[in-house]
Amino acid sequence: MVTEESIQQFSAQCARIFEETRKDMIGQEDVVRNTIIALIAGGNVLLEGVPGVGKTRLVRTLSRVFDLPFSRIQFTPDLMPADVTGTNIITKDENGKSTFRFEPGPIFANLILADEINRATPKTQSALLEAMQEHTVTVMGVSRKMKEPFFVLATQNPVEQDGTYPLPEAQMDRFMFKLVVDNPSLEDLKGIVTMTQKTMGEVANAACNAQQLLEMRETANQIPVADEVLDFAMMIIAATQPDSAHASEAAKSYIRLGSSPRGGQALISAAKVLALMNGRFNVSYSDVASLAFPVLRHRLKMNFEAIAECVSPDSVIRMIVEEVAKRCKVHLDASVFQNVIRGESK
């Protein structure tokens, strides 16, 4: 049961996590916050941005802060599925008898950095599907459980760049969040250059271990969600589906394929963590609305009209959230949308 003491402990733990993370990361406050929310909620994260904006550094930093065994997989066009999952190899015992022995791949760690995931072929990308959802890996008919907690934090370059392959919808749906890592502001750029001139190494210390992380997740799972807030969240998910009876006008105009039920699960799980971070016992409408953007932007397949008119997923999500808020007679503060204005022009 969630108590005032457990909420205070949760908030204090989050404060330590943010404090240590900021030692290695300058700027990107929203990206850092949302990545930590996803890790506490148990979700995978897709970080998209041009090279050099700190995507890989963020993942390395979080592995230190959460004190988790870390494995980096550099995705390239010639990477094979067995290079990710591992494979059976033939060995001989002292009697000369040949036997198969499983050699684990780099995916057998707690925190996986799938670096430049969209530079590998779809066949290799799909090697992560089972691990990301079921937390198991099956090789030659034998399933092996991953150690908990288990996360995949993937980075990708914008799909317009040369040598990239679009991620299949099934894999995109297994990411809790898609976060867009923008270029730093002038002040942040100055801080980054100053810091890296002194040292290129990370200095963040562990602020949380695996057991504490699992306990934080269990605490978040116990946060109640009022029926009205749950209805609001599920209405947003249903409104993204153009063929649904609850489809929004924006979905009918711009979306070919809407969110799956995983989107609803991710939205509620993440909102519970955000509520606790803000020191509250319950999930608010604003928690749901603000997290709709990272939860949904990669789950919407835009139609030809949206592409022709250069309408971004973030713009459509904003229209949907505003329309659903009117239907449900919910007042949302303008601050809910302030962090997505730049994304609407992309």
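Q: How do helix H9 and helix H12 lie relative to each other, roughly parallel or roughly perpendicular, and how do you know?

A: Their axes cross at roughly 100 degrees and come within 9 Å. An angle of 65 to 115 degrees counts as roughly perpendicular (under 35 is roughly parallel, over 145 roughly antiparallel, the rest oblique), so H9 and H12 are roughly perpendicular to each other. By the way, this is a predicted model, where local features need pLDDT of at least 70, side-chain atom pairs count only at pLDDT 80 or more, and totals for chains, interfaces and linings use all residues. Residues are numbered from 1 along each chain as its sequence is written, and side-chain values use heavy atoms, with hydrogens and water left out.

Q: What makes the contact of H9 with H12?

A: Contact means heavy atoms within 4.5 Å. Here Thr219, Ala220 and Asn221 of H9 meet Lys272, Val273 and Leu276 of H12. By class, that's three nonpolar, two polar and one charged.

Q: Why is H10 called roughly parallel to H13?

A: The axes of H10 (residues 227–239) and H13 (residues 285–296) cross at roughly 25 degrees and come within 10 Å. That angle makes H10 roughly parallel to H13. On the H10 side, the contact includes Phe232, Ala233 and Ile236, and on the H13 side Tyr285, Val288 and Leu296 are among the residues. Sorted by class, this contact has nine nonpolar, no polar and one charged residues.

Q: What makes the phi of aspartate 67 worth a look?

A: Most residues other than glycine have a negative phi. Aspartate 67 isn't glycine, yet its phi is near 55 degrees, a positive value. You'll find aspartate 67 in the loop between H3 and S2.

Q: Which peptide bond is cis, and where does its proline sit?

A: The bond joining glutamate 148 and proline 149 is cis, with omega about -5 degrees. Proline 149 is in the loop between strand S7 (142–145) and strand S8 (151–156). Most peptide bonds are trans.

Q: How much space lies in the second largest pocket, and which residues are the closest to its centre?

A: About 450 Å³ of space lies in that pocket. Gly52, Val53, Gly54, Lys55 and Arg57 are the closest to the centre, out of 24 lining residues. A pocket is an open set of points on a 1 Å grid where a 1.4 Å probe fits, with protein on both sides within 12 Å along at least five of seven lines; lining residues have an atom within 4 Å of a point. Helix H3 (55–65), strand S2 (70–74) and helix H8 (186–198) each supply at least two lining residues.

Note on methods: Points joined across faces, edges and corners; volume = space filled by probe spheres on them. Helix = DSSP H or I, 4+ residues; strand = E, 2+ residues; numbered from the N terminus. Axes fitted to C-alpha atoms, helices over the stretch in contact; angles between N-to-C directions. Nonpolar A, V, L, I, M, F, W, Y, C, P; charged D, E, K, R; others polar.
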